[in-house]
Amino acid sequence: PETSAELASGVFDIEQAMARCFNNSIMVRKMVQYFFDEVEDLLPAMRVALDGGDLKEVGRLGHRLKGTVIYLGARPAEEAAVLVERFATSIGGTSAEAEKAVDMLEHECTVLKAALTQYLREA
């Protein structure tokens, strides 16, 4: 089985997260918990906005999540959030494209949650 460092590499960057949290591991843990809470709230809210055809709201929620994943140095999740975020602008795209972007973001957040959970267990 992979170590958590191997699992985490490519999913999130703990050095970057530590640097953004002033090398304070308690603050990193708080950011991780904040990410978990945000995912619980924002992903279902994105689905509701998608179902209602409110792509601007989908984008706004993507923007909120992007801020948190940037803090964790989570490049794949950040890139997925950027794709969702653009629906907040007029260049957004179709609801089918928005749904695909949200699916991708959901997938990256699931992968990130697993890696962070593993990291917390071993930290």
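Among contacts in the chain between residues at least 6 apart in sequence, 71% join residues at least 24 apart. The model behind this value is predicted.

**Overall build**

The secondary structure comes to 6 helices and 0 strands. Read from the N terminus on, the elements run α-α-α-α-α-α. The chain has 123 residues and a radius of gyration of 15 Å. A compact globule with 123 residues would have a radius near 14 Å, so the chain agrees with that value. Along its principal axes, the C-alpha trace spans about 40 × 30 × 20 Å.

**Surface and charge**

Of the 123 residues, 39% count as buried. The chain exposes about 6,800 Å². Carbon and sulfur atoms supply 56% of that area. The charged side chains number 13 positive and 20 negative. The centres of these two sets lie 4 Å apart.

**Aromatic pairs**

A pair of aromatic rings is described by the distance of the centres and the angle of the planes. A search of the whole structure finds 2 aromatic pairs. The table sets them out.

| Pair | Centre to centre | Angle between planes | Type |
|---|---|---|---|
| Phenylalanine 12 and tyrosine 119 | 5.8 Å | 75° | edge-to-face |
| Phenylalanine 35 and phenylalanine 36 | 6.0 Å | 50° | tilted |

Take phenylalanine 12 and tyrosine 119. Their planes stand at 75°, and an angle over 60 degrees counts as edge-to-face, so the pair gets that label. Phenylalanine 12 lies in the loop between helix H1 (4-8) and helix H2 (14-20). Tyrosine 119 lies in helix H6 (residues 95-122). The pair therefore ties together parts that are 107 residues apart in sequence. Phenylalanine 12 is buried, and tyrosine 119 is buried too.

Now take phenylalanine 35 and phenylalanine 36. Their planes are 50° apart, and the pair is tilted. Both of these residues are buried.

**A buried glutamate**

Where does glutamate 78 lie? Glutamate 78 is in helix H5 (residues 75-85). Is glutamate 78 buried or exposed? Its relative accessible area is 17%, and buried means under 20%, so glutamate 78 is buried. Which residues is glutamate 78 in contact with, leaving aside its neighbours within four places in sequence? They are Lys66, Val69 and Ile70.

Definitions and conventions:
Residues numbered from 1 in each chain as written. Predicted model: local features only at pLDDT ≥ 70, side-chain atom pairs only at ≥ 80, totals over all residues. Heavy atoms only, no water. Phe/Tyr/Trp six-rings, centres within 6.5 Å; stacked < 30°, edge-to-face > 60°. Helix = DSSP H or I, 4+ residues; strand = E, 2+ residues; numbered from the N terminus. Buried < 20%, exposed > 50% of the residue type's maximum accessible area, 1.4 Å probe, protein only. Rg over C-alpha atoms; globule rule 2.2 N^0.38 Å. Contact = heavy atoms within 4.5 Å. Areas by Shrake-Rupley, 256 points an atom, 1.4 Å probe, with all protein chains shown as cover. Lys, Arg positive; Asp, Glu negative; His and termini not counted. Charge placed at Lys NZ, Arg CZ, Asp CG, Glu CD.
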